[in-house]
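Look over the sequence and the fold first. The report comes after them.

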Amino acid sequence: MRLTSFSDYALRMLMFAASSGEKPFTIEAASRAFGVSRTHLNKVANTLTRGGFLTAMRGRSGGLVLARSAETIRIGDVVRLTEPDFAVVECFATGNQCVLTRACKLSGMMGEAIGSFLSTLDRYTLADIVLAPTAFAAILPDAPERPRRSYRRKTVAVTVVSDAAPLSPDTLPDPSTP
């Protein structure tokens, strides 16, 4: 069984929200922390908000927060919301063309396996997988919101005025003498 990256990012975003406590976080902050496109995380956040896992707050101090306590958010529910289907074999998919479907015993076994997978995930909540805020603080870069400009180094000409006679090869000390 393999989850889509969408489900993976949804779980990460919920972990990020839980570690933030009641302090709202921005999609930009999550994007920087995970190294994932802000556009993609926008879609994830919209799905989690519509699913009742996150609450979006508008305004200057807005952002995203958990819609309910981490102890009540079951991992299985998040996966059910974010996975498009559980068609691990063709006969589970829409438009099944498998010629063995009528006699095959594989579909029953696969259905049981998916049920076990989701049942296991249902035993865990977001509170079981949340990281300490310091774990995310170590991940976040110290860079400002906007990328830094690159500056060219300026070359400055320096003129030294001295009373000493200019150096010439004849006046340099001999490197072979101690």
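## Basis

This is a predicted model: local features need pLDDT of at least 70, side-chain atom pairs count only at pLDDT 80 or more, and totals for chains, interfaces and linings use all residues. Residues are numbered from 1 along each chain as its sequence is written, and side-chain values use heavy atoms, with hydrogens and water left out.

Helices (H or I, at least four residues) and strands (E, at least two) are DSSP runs, numbered from the N terminus.

## Helix packing

Two packed helices are described by the angle between their axes and the distance between the axes. Here, axes are lines fitted to C-alpha atoms, for helices over the stretch in contact, and angles run from 0 to 180 degrees between N-to-C directions. Angles under 35 degrees count as roughly parallel, over 145 as roughly antiparallel, 65 to 115 as roughly perpendicular and the rest as oblique.

Take α1 and α3 (residues 38-50). Their axes come within 10 Å and cross at roughly 70°. The two helices are therefore roughly perpendicular. On the α1 side, the contact (heavy atoms within 4.5 Å) uses S5, F6, Y9, A10, M13 and L14. On the α3 side stand H40, L41, K43, V44, A45, T47 and L48. The axes of α4 and α5 come within 6 Å, crossing at roughly 130°. That angle makes α4 and α5 oblique to each other. From α4, the contact takes in I75, G76, D77, V79 and R80. From α5, it takes in L118, L121 and D122.

Side chains of opposite charge can pair when their charged atoms come close. The criterion is a side-chain nitrogen of Lys or Arg within 4 Å of a carboxyl oxygen of Asp or Glu. The structure holds seven such salt bridges. R74, D77, R80 and D122 are linked in a network of them.

D77 and R74 are joined at 2.9 Å, N to O. R74 also pairs with D122, at 3.9 Å, N to O. R74 lies in the loop between β2 (63-66) and α4, and D122 in helix α5, so this pair ties together parts 48 residues apart in sequence. D122 meets R80 as well, at 2.7 Å, N to O. That pair links distant parts of the chain, with D122 in helix α5 and R80 in helix α4, 42 residues apart.

How covered are these side chains? Buried means under 20% relative accessible area, exposed over 50%, and partly exposed in between (1.4 Å probe, protein chains only). D122 is buried, at 19%. D77 is partly exposed, at 23%. R74 is partly exposed, at 34%. R80 is partly exposed, at 35%.

Which residues does F25 touch? F25 sits in the loop between α1 and α2 (27-34). It is buried, with 5% relative accessibility. Beyond four places in sequence, F25 touches M13, F16, A17, S20, A30, G63 and L64.

T125 belongs to the loop between α5 and α6 (126-129). T125 is buried, at 15% relative accessibility. Its contacts outside four places in sequence are A70, E71, I73, R74 and I75. T4 lies in the segment before α1 (5-20). T4 is partly exposed, with a relative accessible area of 29%. Leaving aside neighbours within four places, T4 contacts T82, E83 and P84. T4 and P84 are 80 residues apart along the chain, and their C-alpha atoms are separated by 8.6 Å.

## A nonpolar surface patch

M1, V88 and F92 make a nonpolar surface patch of about 250 Å². Patches are made of residues with over 30% relative accessible area and no salt bridge; like charges are joined within 9 Å, nonpolar side chains (Val, Leu, Ile, Met, Phe, Trp, Tyr) within 5 Å. Accessible areas come from the Shrake-Rupley method with a 1.4 Å probe; for residues, only the protein chains shown count as cover.

V88 is found in the loop between α4 (75-82) and α5 (106-122). V88 counts as partly exposed, at 37% relative accessibility.
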